[in-house]
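The sequence and structure are shown first.

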Amino acid sequence: MDDGKSTLIGRLLYDSQTVYEDQLAGIRKATKAHGGLDLSLLTDGLRAEREQGITIDVAYRYFSTPQRKFIIADTPGHEQYTRNMATGASTANLAIVLIDARHGVLAQSRRHAFITTLLGIRHLVIAVNKMDLMEYREDVFHSICGEFGRFAGQIGNPPELQFIPLSALCGDNVVHRSTRMPWYRGPALLEHLETVSLTADDHAVGLRLPVQYVIRPNQDFRGLAGQLASGSIRPGDPVMVLPSGRRTRVRSIVTREGELAEAFAPMSVTVRLDEEIDVSRGDMLVSPADPPQRVLRFDATLVWMNEKPAAADRPYLLKHTTQTLAARIVEIRHRVDIGTLAAQPAGELRLNEIGAVLVEAQRPLFVDPYRRNRFTGSFILLDALTNETVGAGMIESAAAEAGDGLPHTAAVSMEGKPEVLWLLARRLAECGHPVAVLPAQVLLVGPAGAASAPSAPSVEIRFTPAELAENPASAADRIFQELVRRGVTA
Amino acid sequence: MSTLTHLQALEAESIHILREVAAEFQRPVMLYSIGKDSSVMVRLAQKAFYPGPLPFPLLHIDTSYKFREMVEFRDRFCAEIGARLIVHSNTQALAAGANPFRLGTQKCCGLLKTRALLDALTAGGFDAAFGGARRDEEKSRAKERVYSFRDSFGQWDPKNQRPELWNLFNSRVDKGESIRVFPLSNWTELDVWEYIQVENIPVVPLYFARPRRMVERGETLIPVEHDVPLLPGEEPRMVMCRMRSLGCTPCTGAIRSEADTVPKIIAEMREFRRSERENRVIDHDQEGSMELKKREGYF
């Protein structure tokens with residue numbers, strides 16, 4: 001199964017002169033027995049890996065050139081380590097899929113392309129390695145390109161592909177362009193890594209600032225600390241606080257070195273608001289003009305990472321941005337065959353399997369689809385009993401059911417109960433909702449923090465006088481709870 | 001659209017980690033080793049919680065074999081920034097005469113560092129401990145998570161680490177278990193020095209070159225402190241040198257260098273073709289020795 005990954009990374013480090021002399025001396029000593037310089041030894045980590053000659057877990061390696069600074073997440077390729085590959089891919093901008101020129105496109109190559117794309121990587125390099133063993137033949141390279149290209153076309157939202165023929169062992173097209181493949185006019189691997197444009201990856205959404213921590217050194221200072229998941233923020237900007245929906249403006253962005261005129265993703269900042277609004281960890285500051293979706297149930301792609309399979313109706317803890325809450329898998333819609341991309345019916349997801357699931361959270365979440373924002377579109381599932389991280393999810397969309405989507409607006413109508421209507425209107429107004437009472441005893445409710453009540457509400461509820469026979473306060477409370485259930489208010 | 005420099009991106013990531021831990025754990029503590037990485041980590045924590053104080057104490061494991069300059073620096077620095085400092089030593093082992101010359105470095109480290117650290121964490125009831133380790137330092141560290149889970153014996157199981165995706169960290173532990181947290185995981189040695197320069201962060205003067213009394217042992221320069229026993233034929237002499245990483249005097253080699261300022265150190269680093277821990281005797285006492293030490297609870 002050795003496709004030469006360790007040798008390629010070793011070559012990249014060695015040829016870009018980021019290997020220290022004492023490390024080299026270490027490998028020289030270890031390879032003295034069989035001559036030559038075994039660059040793959042540069043990346044060996046754990047004892048078990050050295051003993052078995054395989055990569056078990058993700059290792060991170062660092063090198064830089066005058067153009068860029070690189071972090072390599074060196075991940076195992078075997079199927080039983082799919083979860084480790086997903087881990088490495090979750091924070092990467094670009095993936096290198098290694099193909100052995102002698103074997104062509106294998107199920108493993110397809111799996112790698114699928115997983116990296118699933119995790120949101122928009123740039124793939126298809127490194128066709130061991131060209132030296134195929135006499136550097138152009139037809140070998142082209143046939144692999146063709147086959148891989150056809151497969152990649154079937155992946156939803158196909159990534160940008162760059163095919164490079166190389167030999168990690170001999171150093172062809174890794175750091176320096178090879179003279180042994182004059183038919184190839186593209187860049188060497190490092191050249192491509194140094195120049196590929198990553199800016200288009202940002203499918204910008206508005207401000208998303210999940211609150212991590214509230215800084216309150218004294219009565220006069222209350223700072224909301226967090227890392228921007230997207231967008232930017234300036235003093236004076238209007239912001240909406242979720243889930244309350246309260247609106248206010250940014251007073252200042254505080255740092256130890258002074259106030260900032262602007263902050264943008266992915267900076268870690270501390271923000272003060274114009275008004276003292278109740279905000280705590282787990283809340284999110286967003287742009288009122290472009291808020292995230294409010295979801296209770298949502299469709300997600302789930303990578304399963306635990307020996308104990310994922311099953312519907314088992315309770316889990318879900319961590320999304322800076323909050324952790326109870327959640328369950330309502331339904332496993334299907335499992336994806338990661339070699340062929342075919343959907344298969346599945347009752348459960350086993351270790352290293354990937355599937356489409358419907359998830360329900362205990363409280364509404366504010367999310368963006370993963371393809372638009374990795375941070376507000378991702379979540380992990382934890383086992384409450386063992387504390388293990390058991391699953392990693394990417395949110396596709398809100399489920400098309402009641403309780404999804406933002407903003408929700410309502411029209412509540414009732415006859416002969418003006419007191420209930422006013423009690424309800426006052427309570428909603430206190431929660432920050434714009435309300436309008438119409439002559440026909442209809443209450444229009446807008447999203448919290450909005451400027452005015454809607455004329456075309458998304459939810460309509462009617463009550464007959466007989467249905468509101470209890471005392472006005474409890475009737476108003478009951479309707480309020482109904483609005484919570486319908487996702488109009490929180 | 002603006003983008004961050006790589007140092008700003010690293011800073012943002014580290015601050016995120018520091019705040020996550022402060023928010024999610026009951027009793028965090030920051031391991032403070034007095035070295036350059038600790039200095040950077042403390043600065044990042046100051047930024048993360050500004051204008052508030054550090055919401056956790058600093059903990060120094062004192063083997064009593066540290067350089068005098070290190071201890072002076074520690075006390076002055078902690079007083080200046082108003083940090084709560086806990087100093088812990090394995091007094092029992094020291095009273096029994098534990099020293100590297102008699103016990104060998106492996107056993108000495110086990111008693112004066114690992115045991116002392118585990119005892120201090122238990123005594124403080126700490127459920128999370130920050131450390132300044134970086135993944136580029138050593139090959140077993142390259143595999144370690146940002147949140148590294150430790151069982152109730154403080155042990156690391158490298159083959160059974162929790163998956164760690166995006167910036168979503170799993171902070172759940174049962175009583176007695178804990179998490180070692182490495183906010184500088186993605187920093188390199190060069191990043192650390194560049195940040196020290198940009199941020200004007202104070203570091204122990206031992207990092208800067210000046211003539212020091214040394215003995216040459218093989219290719220390593222050993223400082224003549226703490227009654228280091230000299231081998232036959234060894235003669236201390238003044239050598240222009242500096243420390244590249246700081247540990248206990250008997251186990252910290254110096255390097256020949258003229259770099260007496262931060263910019264000169266950075267220039268030297270860019271030229272450097274030897275790795276940072278090369279002069280740390282303890283990493284080389286056995287094949288895979290850092291992995292073994294870490295499994296047992298060493299940082």
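Buried residues account for 44% of the 490 residues of chain A, where buried means that 20 or more other C-beta atoms, placed from the backbone, lie within 10 Å of the residue's own. This is a predicted model, in which local features need pLDDT of at least 70 and side-chain atom pairs count only at pLDDT 80 or more, while totals for chains, interfaces and linings use all residues. Residues are numbered from 1 along each chain as its sequence is written, and chains are lettered from A and ligands numbered from 1 in the order in which they are written.

In chain B, 53% of the 299 residues are buried. Two residues are in contact if their C-beta atoms, placed from the backbone, lie within 7 Å. Of the chain A contacts between residues at least 6 apart in sequence, 68% join residues at least 24 apart. For chain B contacts with a separation of 6 or more, 76% are between residues 24 or more positions apart.

In chain A, helix α8 (residues 418-430) packs against helix α9 (residues 472-485) at an angle of about 50 degrees, and their axes are 9 Å apart. The contact involves residues of both helices, including A:Leu423 and A:Arg427 of α8(A) and A:Ile479 and A:Phe480 of α9(A).

Terms used: Buried ≥ 20, exposed ≤ 12 C-beta atoms within 10 Å, placed from the backbone. Axes fitted to C-alpha atoms, helices over the stretch in contact; angles between N-to-C directions. Helix = DSSP H or I, 4+ residues; strand = E, 2+ residues; numbered from the N terminus.
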